[in-house]
Amino acid sequence: MKLQFFHVFYAVFCVIWNYYMYPDWNLRGYVAETFTVAKVLKFLITNDPFVYAHLWFLFALIYCYLFFCIFKTRDRIPEYFAIIVLLLLATFTILAELNGVLGIRNSIAIPGSDKTLVISSFCFSCTSIFMAGIVLREKSEKIISKRYNNKIFLFMILFGEGLSLVERYLFTESQFYVGTYLVVGALFVFAISHPDFKIPFMEYIGKYMSMYVYIFHIAVGKTLDYFANKLHLWQNQVFIYSRAFKVLFGSLIIVFIIVKMQEKIVKVLNWDTGS
């Protein structure tokens, strides 16, 4: 139900935004230009939405669920698969970063066209993390019993963050860096190793709000930029460097209101939507 809501929201947002921002914008022409054979093919292979690329993971998750349903009854296959795909994911990221340096391409040319498909498929960019999470969950008791030194987690997080900055500086902008995997992996294992370590408001955000924040932050950012243009704030350095925080806090406030409204509606109608 949530997936359909997000798709409908951005479809409506896209239409309203374009009609308001571009008086000559034509819906029929836009649909004809957006839903082409090449873009449909790219959607099926790479899960890349037709608009608002940050929604790609919603479709990739469907692939992940189907894949896991097929292999969940096979002993140890998910574990081995997760390890292999994690290596592929790191390799893919390195190759993507070296694209501009070594001329390595991370795209496929479409026959008979000058267009290419950038490879960001569920196999590389989603299944690996999805399966790794399952493996870590299955190994949670063993991880807890190991009692890892917290300094290891701190080192991995700081090293991963530093490596990500170096990768961003030396190579290209990316959704994932090798350092990203180090940070995420360290945070995952730390969370499993300390089941009693809880920060209530962070737990609430992670459980009920995190996906909404990710989904809505683009709309919040575009709206903020619109008012920034109207108020000529782009000349203000403070605004420029604090924009990311404004988008984050704005998204949190809006999502908090939505979640609370949803909770009230569910309570009144006695629905069970899960977490």
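Student: What share of the contacts in the protein chain with a separation of 6 or more comes from residues 24 or more positions apart?
Tutor: That share is 67%. Keep in mind that this is a predicted model.

Student: OK, and how many helices and strands are there in the protein chain?
Tutor: There are 12 helices and two strands. Going from the N terminus, the order is α-α-α-α-α-α-β-β-α-α-α-α-α-α.

Student: How much of the chain counts as buried?
Tutor: 29% of its 275 residues. The accessible surface is about 18,400 Å², with 69% of that on carbon and sulfur atoms.

Student: Which residues make up the largest nonpolar core?
Tutor: Seven of them: M209, Y212, V213, F216, L252, V255 and V259. Helices α11 (200-230) and α12 (237-269) each put in at least two, and α11 has the largest share with four.

Student: What does M209 touch, leaving out residues up to four places away in sequence?
Tutor: M209 contacts Y204, L252, V255, F256 and V259. Apart from that core there's another one of five residues, including L136, F153, V189 and I192.

Student: Switching to the outside: which residues form a nonpolar patch on the surface?
Tutor: Y19, L27, V31 and F35 do, and together they have about 360 Å² of accessible area. Y19 sits in helix α1, residues 2-21.

Student: Why does Y19 count as partly exposed?
Tutor: Because its relative accessibility is 44%, and partly exposed runs between the under 20% cut-off for buried and the over 50% one for exposed.

Notes: Residues numbered from 1 in each chain as written. Predicted model: local features only at pLDDT ≥ 70, side-chain atom pairs only at ≥ 80, totals over all residues. Heavy atoms only, no water. Core = buried A, V, L, I, M, F, W, Y, C linked by side-chain atoms within 4.5 Å. Buried < 20%, exposed > 50% of the residue type's maximum accessible area, 1.4 Å probe, protein only. Contact = heavy atoms within 4.5 Å. Patch = residues over 30% accessible without salt bridge, like charges linked within 9 Å, V, L, I, M, F, W, Y side chains within 5 Å. Areas by Shrake-Rupley, 256 points an atom, 1.4 Å probe, with all protein chains shown as cover. Salt bridge = Lys/Arg side-chain N within 4 Å of Asp/Glu carboxyl O.
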